[in-house]
Amino acid sequence: MSNEDITLTAGDAEVVVRPGNGGRIGGLRIGGVELLRQGERFGCFPMVPWCGRIREGRFLDGATVRQMPLNSPPHAIHGTARDGAWRTARVDGHEAVITHDLTDPWPHRGRVTHVVTLTEDSLTLTMSVEAYDDSFPAQIGWHPWFHRTLVGEDGAVGEDVRLDFTPAWQEERGADHLPTGNRIDRKPGPWDDCFGMPGGVDVTLTWPGQLELKVTSREEWVVVYDEQAEAVCVEPQTGPPNGLNTLPRLVTPLEPLEATTTWSWRRL
């Protein structure tokens, strides 16, 4: 099938999926109000086959050291799939399935499948990575750009979003922006930091008087990035930044890696 944009609707919710633009969620509108930033850094892109930064772009793959392109010097960041071609496998009612075949510069053959399911009050994203020939380490995550303020249907700009979450720890961030391996108590924001939530990711974004949105996942890692004036990012993922080196999850031909996140909302 083609890589043209897909629009799903349920009640007054509408989501746009863009297979031709890195498989990202291009927009999410609730009652006509756009929740995701538009423009240069926009929507929500899949992070796969790794999340965040890999130190100097190198990771250990069995006994082999692999080198990824340094697209955020001196590191490699956010995987390869967001720059790759995706194709539509199926669109059925409120659900779309898109796929991406891993290719250069990633050294292993495999396939990523992304299932996007919309209901009247939630969006569920499920991603899996399968290996074709041999095993390899991988990560899965999502990188949404939520608007800091929402513009109502009447054009009025609301208050800044409020973030509420209670992590068990914060990964100490070194000068190179990567976790040092030390776990510390949560520091005040602004953040570009990874947090541990062993009971599962659970972060609430509240736009006062407008909308409450909960980001949940069974995974225990979440990166929160709110250093920009225009947007905040809440990124569930299967491991911390540099995780291909520090906490690898192995994908085998018999055992794919799968993760799910759900965004659920209610009007205020």
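Strands here are DSSP runs of E with at least two residues, and helices are runs of H or I with at least four, numbered from the N terminus. This is a predicted model, in which local features need pLDDT of at least 70 and side-chain atom pairs count only at pLDDT 80 or more, while totals for chains, interfaces and linings use all residues. Residues are numbered from 1 along each chain as its sequence is written, and side-chain values use heavy atoms, with hydrogens and water left out.

Stay with β1. The strand pairs with β2 (residues 13-18) in the antiparallel sense, over five bridges. Two strands count as paired if DSSP finds at least two bridges between them. Threonine 9 has glutamate 14 in β2 as its bridge partner. Two residues separate β1 and β2, and the two strands form a hairpin. In the turn, glycine 11 has a positive phi of about 60°.

Now go to β13 (residues 122-131). Eight of its 10 residues are buried. Buried means under 20% relative accessible area, exposed means over 50%, and partly exposed is in between (1.4 Å probe, protein chains only). β13 pairs with strand β12 (residues 110-119) in the antiparallel sense over 10 bridges. Leucine 118 has leucine 123 in β13 as its bridge partner. β12 and β13 also form a hairpin, with two residues between them. Another partner of β13 is strand β26 (residues 257-267), again antiparallel, over eight bridges. There, methionine 127 has alanine 259 in β26 as its bridge partner.

Next comes the interior. In soluble globular proteins, nonpolar side chains tend to be buried together. The largest nonpolar core in this model has 61 residues. Such a core is a set of buried Ala, Val, Leu, Ile, Met, Phe, Trp, Tyr and Cys residues joined through side-chain atoms within 4.5 Å. Leu28, Phe146 and Trp263 have the most contacts inside the largest core. Strand β13 gives this core its largest share, five residues. A second, separate core has seven residues, including Phe45, Met47, Tyr225 and Cys233.

Phenylalanine 146 deserves a look of its own. Leaving aside residues up to four places away in sequence, its contacts (heavy atoms within 4.5 Å) include Leu35, Leu36, Leu205, Trp207, Leu213 and Val215. Glu230, Ala231, Val232, Val234 and Trp263 also touch phenylalanine 146.

Where is there open space? Rolling a probe the size of a water molecule over the atoms shows where empty space is left. The largest pocket has a volume of about 490 Å³. A pocket is an open set of points on a 1 Å grid over the protein atoms alone, where a 1.4 Å probe fits, with protein on both sides within 12 Å along at least five of seven lines; lining residues have an atom within 4 Å of a point. Grid points are joined across faces, edges and corners, and the volume is the space filled by probe spheres set on the points.

The largest pocket is lined by 25 residues. Ile77, His78, His143, Trp145 and Tyr225 are the closest to its centre. β18 (169-173), β20 (192-196) and β23 (221-225) each supply at least two residues of the lining. The largest share, three residues, comes from β20. By class, the lining has nine nonpolar, five polar and 11 charged residues. Ala, Val, Leu, Ile, Met, Phe, Trp, Tyr, Cys and Pro count as nonpolar, Asp, Glu, Lys and Arg as charged, and the others, Gly among them, as polar.

The second largest pocket holds about 180 Å³ of space. Its lining includes Ile30, Gly31, Val33, Leu35 and Arg267. Five nonpolar, three polar and two charged residues make up this lining.

Last, some backbone details. Histidine 78 has a positive phi of about 70°, although it is not a glycine. The residue is found in the loop between β9 (76-77) and β10 (87-92). Histidine 78 counts as buried because its relative accessibility is 10%. Histidine 177 also has a positive phi, near 75°, and lies in the loop between β18 and β19. At 28% relative accessibility, histidine 177 counts as partly exposed. A cis peptide bond joins valine 48 and proline 49, with omega about 5°. Another cis peptide bond joins glycine 189 and proline 190.
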